[in-house]
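I opened the notebook to record a few look-ups, one entry at a time. The structure comes first, then my notes.

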Amino acid sequence: MSDFGVTVRDAYIAKQRIQSNVRRTPLIHSLWLTQTADTSVFLKAENLQQTRSFKIRGAINKLTSLTEEERERGVIVVSSGNHGRAVAYVAKQLGMKAVICLSERAPRNKVESIKYLTAEVVVHGECYNEAEQYSHYLEKKRGLTYITSDDPFIIAGHATIGIELLEDLPEIDAVLVPVSAGGLIGGIGQVLKSVDPKVRMIGVSMKREPVMYRSLKAGKIVQNVEEKETLADALAGGIDPNNKYTFRMCQKYIDEFILVSEEEIAEAMAFALEKHHLVVEGAGAVGIAALMSRKVGKLRGNVAIVVTGGNVDLPLLLEITKERCKEKDIV
Ligand SMILES: *Cc1c(COP(=O)(O)O)cnc(C)c1O
């Protein structure tokens, strides 16, 4: 039993339900990060996932579990981009209507990719919280089914990453996971900690407004954290005050929390492209950034970094990489 409404069994059920529609992403050994950390480091490449982020795992698990009546009404979500893209993709496959609410801050490449999936895109407000308020207004006005990421089906879908990590690396000792609202690290933590409570869960966010980090410090969900411009745009946005699951899961499972700067994120994005030929967005690179900046306490054994997404504006990535690779040896 779990006091969170999500069990390891739920993760296995989710795995069965979603596996024909998600990619089994590779776990890639990193020679360079292994040298930096002086212990074995692997990248779980969810940037190569369908819709280019892990969010599709939760989205399929949730949307396929809706009742007939909920499906017919159509779904609405608020998103900084990736959750919206995943829900739009799955809704299209299932022949459902989807409304995706984004703030004016959402990166253009993310907005365009959602429109491409023929979902209805509503851009409203200057920050995530404003878009969120508006999405609740539309939910009621149009009778749509609201899909929040603080949901047992979504969390169980994300938890399937924990199962894959165990299958590929049974002797895993630590995992670094990017954190926004905490469903991803909560789900992975649920799986790994129930197998072995000693597996170290390391959360990573950007300095430019880590809402979960602040909330954990305060012992309660902190509202009104100002949203700031960041390369890790997928980690921006507040936590719903009615949060039921993810905050408590983070309280229980996160052993260590690291914050990274914009420059550290940029370095990590350039590193992933140059050394691993992986296209990684800012949010997806924060785990690599934490390790490269040597902010993580001494690691030992087998370490996995969840590289969560690859929805990055390519000209921006190339610019970041060019600036940082000039003087370096190409190995
Ligand atoms: C959503 C997202 C995260 C954070 O997931 P949470 O479950 O909200 O903590 C991390 N990286 C990327 C690329 C994301 O899209």
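**Entry 1**

I started at Asp255, which touches Lys193, Val199, Arg200 and Met201, leaving out residues up to four places away in sequence. Contact here means heavy atoms within 4.5 Å. The model is predicted, so local features need pLDDT of at least 70 and side-chain atom pairs count only at pLDDT 80 or more, while totals for chains, interfaces and linings use all residues. Residues are numbered from 1 along each chain as its sequence is written, and side-chain values use heavy atoms, with hydrogens and water left out.

I looked up where Asp255 sits and found it in the loop between α11 and β9 (256-260). Helices (H or I, at least four residues) and strands (E, at least two) are DSSP runs, numbered from the N terminus. Asp255 and Met201 are 54 residues apart in sequence, yet 5.4 Å apart in space, C-alpha to C-alpha. Is Asp255 buried, partly exposed or exposed? At 45% relative accessibility, Asp255 counts as partly exposed. The cut-offs are under 20% relative accessible area for buried, over 50% for exposed and partly exposed in between, with a 1.4 Å probe and protein chains only.

Ile254 is also in the loop between α11 and β9. Ile254 is buried, with a relative accessible area of 14%. I listed what Ile254 touches beyond four places in sequence: Val179, Ile185, Met201, Gly203, Leu216 and Met249. I also noted a distance from Ile254 to Leu317: 63 residues in sequence and 30 Å in space, C-alpha to C-alpha.

**Entry 1: nonpolar cores**

Which residues have the most contacts inside the largest nonpolar core? They are Leu176, Ile288 and Ile305, in a core of 41 residues. Helix α12 (residues 262-276) gives the most to this core, with eight residues. Apart from it lies another core, of 33 residues, and Ile254 from my first entry is among them, as are Phe42, Val199 and Phe257. A nonpolar core is a set of buried Ala, Val, Leu, Ile, Met, Phe, Trp, Tyr and Cys residues joined through side-chain atoms within 4.5 Å. In soluble globular proteins, nonpolar side chains tend to be buried together.

I then listed the contacts of Leu176, again without residues up to four places away in sequence. Among them are Ile202, Val204, Ala290, Leu291, Val303 and Ile305.

**Entry 2: helix α6 and its two ends**

I went to the loop between β4 (98-102) and α6 (108-116), where Ser103 lies. Ser103 is buried, with a relative accessible area of 6%. Its contacts beyond four places in sequence are Val123, His124, Gly125, Glu126, Cys127, Tyr128 and Ala131.

In α6 itself, I found Lys110, Val111, Ser113 and Ile114 buried. They cover an arc of only 165° around the axis, so they are on the same side of α6. The arc is that of the directions from the helix axis to the C-beta atoms. What covers these buried residues includes α5, β4 and β5 (120-123). The face turned away from the buried side carries the exposed residues Arg108 and Tyr116.

Just after α6, Thr118 takes a positive phi of about 65°. Thr118 is in the loop between α6 and β5, and at 59% relative accessibility it counts as exposed. Most residues other than glycine have a negative phi, and most peptide bonds are trans.

Glu209 is not a glycine, but has a positive phi of about 85°. I found Glu209 in the loop between β8 (200-206) and α10 (211-218). Is Glu209 buried or exposed? Glu209 is buried, with a relative accessible area of 10%.

Lys228 is in contact with Glu209, and also with Arg105 and Arg208, leaving aside neighbours within four places in sequence. Lys228 is in the loop between α10 and α11 (246-253). With a relative accessible area of 28%, Lys228 is partly exposed. Lys228 and Arg105 are 123 residues apart in sequence and 9.6 Å apart in space, C-alpha to C-alpha.
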